[in-house]
Every structure is written in C-alpha cells, then in structure tokens.
Amino acid sequence: MTRLPHAKQPHSQHRSRKRGVIGVMFREEKLLIIRRSLTVNAPGKLCLPGGGIEAGESEEEALVREMQEELTIDVTPRRLCWRSVTPWGTRLAWWLAEFPDQVDPVPNPEEVSEVHWMTANEIVQARGTLPSLPEFVAAWRKSEIDLPWKDSSQT
C-alpha cells in the first residue's frame, strides 16, 4: 500500500537539498544585477547572477562556472558574505567576487537578457525583482552582511 504523504516525501526532500550560489560583484559603488531571460525560471526578473551547484562542485567552483556561463566573465571568489534559503527551499551561498574593471559582462541570451549596475536605492525601488534581491539589500543595511559598499541613501 502506498501512502500519499510518503509518496511526496522524496520530492520535498530533494527540493530542500538543492543548493545555489550567487555572485556579489561591485563596480563604482554599484552592484551587478541581471535581468533573467524569458526562457528560464522566473523570466524577466531582476536578480544577482548565479545558479545551481552541481554534484561534487564546491561553492567557489560553481560561482566561477555560473559567471562564465551567464556573463562570459572569469571571476575570482573572495569570500562568502551571506547565506539564505528561498521560499521553495533552495539554500543559497552569496559570494563576494571580483573580475577586472576593463572586462564588461556579456550576457548569454539563453539565461540573461540584460546587465545593469545598480545602487542600493535603485535596487529597492526597482520593480520585477526576485524576492531575495531586496532582502539582500535590507540585510546589508541592517549590518547583517559585511560588504565593501557605500549606501548612497546615507550620504
């Protein structure tokens, strides 16, 4: 006999074990933000670049791979700056990373439709963001995240 709650359990366990990595990158006091392409989950939403961590991959390795796949940039992971969990159970690792100033991100149109550099205020006022983006800014403004970022609303 198969019980319905038991049948759903492996799926929910699998979902709760999913892990992702997010790239946190700055240029001239602005944060690198992407608009997701219309062919991926959460189409057209603004967010930080990132993606899933594959089996056997470290967070740093996933960060480097995802930034190359989404934006054709080679990043250097610097440090973990925050952890969060999405409403659907994905555990996210937010990594501060760098890439050379003379390099401009080039969006992979299969995953990213636009690239923006935004201030904290611009992010908070933007429409169409993934919920994690304003939450990230709010946590930073409450000093829960240590970032080399100046809050233009405080000047």
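**Pockets and packing**

Mentor: In this predicted model, 41% of the 155 residues of the protein count as buried. The secondary structure comes to four helices and eight strands, which follow one another along the sequence in the pattern α-β-β-β-β-β-α-β-β-β-α-α. Among the contacts with a separation of 6 or more, 63% are accounted for by residues 24 or more positions apart.

With that background, we can turn to the pockets themselves. The largest pocket has a volume of about 720 Å³, and its lining is made up of 34 residues, of which Arg36, Gly51, Trp88, Leu92 and Leu130 lie nearest the centre. Two or more lining residues come from each of strand E1 (19-24), strand E3 (30-36), strand E5 (50-52), helix H2 (59-71), strand E6 (76-85), strand E7 (91-98) and helix H4 (132-141). The largest share, four residues, is that of E1. Sorted by class, the lining of the largest pocket divides into 17 nonpolar, nine polar and eight charged residues.

The second largest pocket has a volume of about 160 Å³. Its lining consists of Val24, Met25, Phe26, Arg27, Leu96, Ala97, Glu98, Phe99, Pro100, Asp101 and Pro148, with strand E2 (26-27) and E7 as the elements that give two or more residues. E7 gives the most to this second lining, with three residues. Here the classes come to eight nonpolar and three charged residues, with no polar residue.

The largest nonpolar core has 23 residues, and Val24, Leu31, Trp94, Phe136, Leu147 and Trp149 are the ones that touch the most other members. At least two residues of this core are supplied by each of E1, E3, E6, E7, helix H3 (120-125) and H4, and H4 gives the most, with five residues. If we take Leu147 as an example and set aside residues up to four places away in sequence, Leu147 touches Val24, Phe26, Arg79, Cys81, Leu96, Phe136 and Trp140. A second, separate core of 18 residues includes Ile34, Leu63, Val75 and Phe99.

Leaving aside its neighbours within four places in sequence, Leu46 is in contact with Ile33, Ile34, Arg35, His116, Ala126, Arg127, Gly128, Thr129, Leu130 and Leu133. Within that list, Leu130 is also one of the residues nearest the centre of the largest pocket, and Ile34 is included in the second core. Arg127 lies 81 residues from Leu46 along the chain, yet their C-alpha atoms are separated by 8.2 Å.

For disulfides, the count comes to zero, since a pair would need its sulfur atoms within 2.5 Å.

Terms used
Residues are numbered from 1 along each chain as its sequence is written. This is a predicted model: local features need pLDDT of at least 70, side-chain atom pairs count only at pLDDT 80 or more; totals for chains, interfaces and linings use all residues. Side-chain values use heavy atoms; hydrogens and water are left out. On a 1 Å grid over the protein atoms alone, a cavity is a set of points where a 1.4 Å probe fits but cannot get out, and a pocket is an open set with protein on both sides within 12 Å along at least five of seven lines; lining residues have an atom within 4 Å of a point. Grid points are joined across faces, edges and corners, and a volume is the space filled by probe spheres set on the points. Ala, Val, Leu, Ile, Met, Phe, Trp, Tyr, Cys and Pro count as nonpolar, Asp, Glu, Lys and Arg as charged, and the others, Gly among them, as polar. A nonpolar core is a set of buried Ala, Val, Leu, Ile, Met, Phe, Trp, Tyr and Cys residues joined through side-chain atoms within 4.5 Å. Buried means under 20% relative accessible area, exposed over 50%, partly exposed in between (1.4 Å probe, protein chains only). Contact means heavy atoms within 4.5 Å.
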